[in-house]
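Hello,

Here is the structure I promised to pass on to you. Have a look at it first, and then read on for my notes.

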Amino acid sequence: MKASALFGAALTAVAVQARTHSRCAPATPIVVDDDLTEPQTLIDLIEQAKNQVIGHLKEDERALRKRGETPRCTVDKLIFRREYGSLSEDERLAYVNAVKCLQNKPPRTPATVAPGARSRFDDFVVTHIQQTLDIHYSGVFQAWHRWFVYQYEKALRDECGYTGYQPYWDWPKYARAPQDSPLFNGDPYSLGGNGEYVPHDGPVIVPPEGIGGSNISLPAGAGGGFVRTGPFADMTVNLGPVGGVEGTAPGPLGGLGYNPRGLKRDLGGAMNTRYANYTTVLTLLTQPDVDAFRTVSEGVPYTVEIGPHGGIHYTIGGDPGGDLFTSPADPAFWVHHAQMDRVWATWQALGLSSSSKRYTDLGRGEYAHQTWQNNPESPFAELTDVIDMGYAAPSTTIGDVMSTTDGEMCYFYL
């Protein structure tokens, strides 16, 4: 049976497991008339969240100045990350050139740690490889990746002269054919094109060693070969793969050795329309608590219900995009995880009208622990837990990055 057939046949049975695996099951999905047309309800919620953040900052500023203190993040200092396609060609080109700059700067990771790291860009890949099994389906996941993307943005700005901010991939906007979007259409302002089309079945995703779950057969995209168009057509992937795709041999030294090869992608609409449409985003934003939010966002590992997080990683597919460990080696990773952060930050802001709990609550479900899905059993994550960036960037704590307008951060999303 083809991967796509297996994919479809499994959906009904797995959906039951996805709804019941968390202590707090997600709210019933909101179904709009067309999953790929943005509903007014979603537009209104996103605007409401932005207004909540601005209003909260104004209140904080008044309170601080009344006490004779100077606020660090104010409305006039607040910056907005924007959707990739909304940037001008010059702005997109500046972002692309900054990424390429980072790929040409020497690494900070010692060769004794990761001999395959050949650039500052690779420093971030190494950090993700080393910590993958600790930073997914655990209490640190959202905060860790928020800080990871923020530090990557900071490296682009501080080390490569980029004057913009990290753009995001609005998943539903181009869901029918992401390969034709401004992100991946292969023009000089894109993040490179899709992989060349090669006849192939979809990937079979295999759980990492020591992690429970079953293999997942997913549908093929519209590429599968090497990226031959756009700014990253000549890109070399240095690290990985570590594993996770059936039939893919791991790279040397557990993925940390030098393994130069071309960039492959397998973009297509099947995964994007299934896992990251407008209904998905609307359902996420209306979840009552963080446990339910994360069940929708991340799905149930190693079942067909992989949520928009996994769904978009496997929409990118290929190598390194299809490898859970090495995925940051594809520039597409960063716009995907900026969108992950956007949806979380928007959901957090929507709770400000009643309380600030969404900025302190890490949940009490299976994903709230210090280990992957609480296996082996471990304590709940705490706000004082460290977010370790290795050699890529400074470390911090979960509590320091729960808000995008606190600490050293001062940003939100348009």
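Let me begin at the surface, where Glu59, Asp60, Asp400 and Asp406 gather in a patch of negative charge. A patch here is made of residues with over 30% relative accessible area and no salt bridge, with like charges joined within 9 Å and nonpolar side chains (Val, Leu, Ile, Met, Phe, Trp, Tyr) within 5 Å. Asp and Glu count as negative and Lys and Arg as positive, while His and the chain ends are not counted; the place of a charge is NZ of Lys, CZ of Arg, CG of Asp or CD of Glu. Accessible areas come from the Shrake-Rupley method with a 1.4 Å probe, and for residues only the protein chains shown count as cover.

Before going further, please note that this is a predicted model: local features need pLDDT of at least 70, side-chain atom pairs count only at pLDDT 80 or more, and totals for chains, interfaces and linings use all residues. Residues are numbered from 1 along each chain as its sequence is written, and side-chain values use heavy atoms, leaving out hydrogens and water.

Helices (H or I, at least four residues) and strands (E, at least two) are DSSP runs, numbered from the N terminus. Aspartate 60 has a relative accessible area of 35%, so it is partly exposed; buried means under 20%, exposed over 50%, and partly exposed in between (1.4 Å probe, protein chains only).

Next, the salt bridges, of which the structure holds 17. The term stands for a side-chain nitrogen of Lys or Arg within 4 Å of a carboxyl oxygen of Asp or Glu.

- Arginine 82 and glutamate 91 meet through their side chains at 3.2 Å, N to O. Arginine 82 is partly exposed at 28%, and glutamate 91 is partly exposed at 31%.
- Glutamate 159 pairs with arginine 120, with the closest N and O atoms 2.9 Å apart. This pair links distant parts of the chain, as glutamate 159 is in helix α5 (residues 141-160) and arginine 120 is in helix α4 (residues 120-135), 39 residues apart. Arginine 120 is buried at 3% relative accessibility, whereas glutamate 159 is partly exposed at 23%.
- Aspartate 341 pairs with arginine 146, the closest N and O atoms being 2.5 Å apart. Aspartate 341 lies in helix α10 and arginine 146 in helix α5, so the pair ties together parts that are 195 residues apart in sequence. Both aspartate 341 and arginine 146 are buried, and salt bridges that share partners join Arg81, Arg146, Glu153 and Asp341 into one network.

Helix α7 (residues 278-285) is worth a look too: eight of its eight residues are buried, so the helix is largely enclosed by the rest of the structure. Its buried residues, among them Tyr278 and Leu285, pack against α2, α6 (269-275), α8 (290-298), α9 and α10, where contact means heavy atoms within 4.5 Å.

Finally, some backbone details. A cis peptide bond, with omega about 15 degrees, joins aspartate 319 and proline 320, and proline 320 is in the loop between α9 (307-316) and α10 (332-350). The bond from asparagine 375 to proline 376 is also cis, with omega near 0 degrees; proline 376 belongs to the loop between α10 and β8 (386-387). Glutamine 373 is found in the loop between α10 and β8 and has a positive phi of about 50 degrees although it is not a glycine. Asparagine 374 has a positive phi of about 60 degrees.

Best wishes
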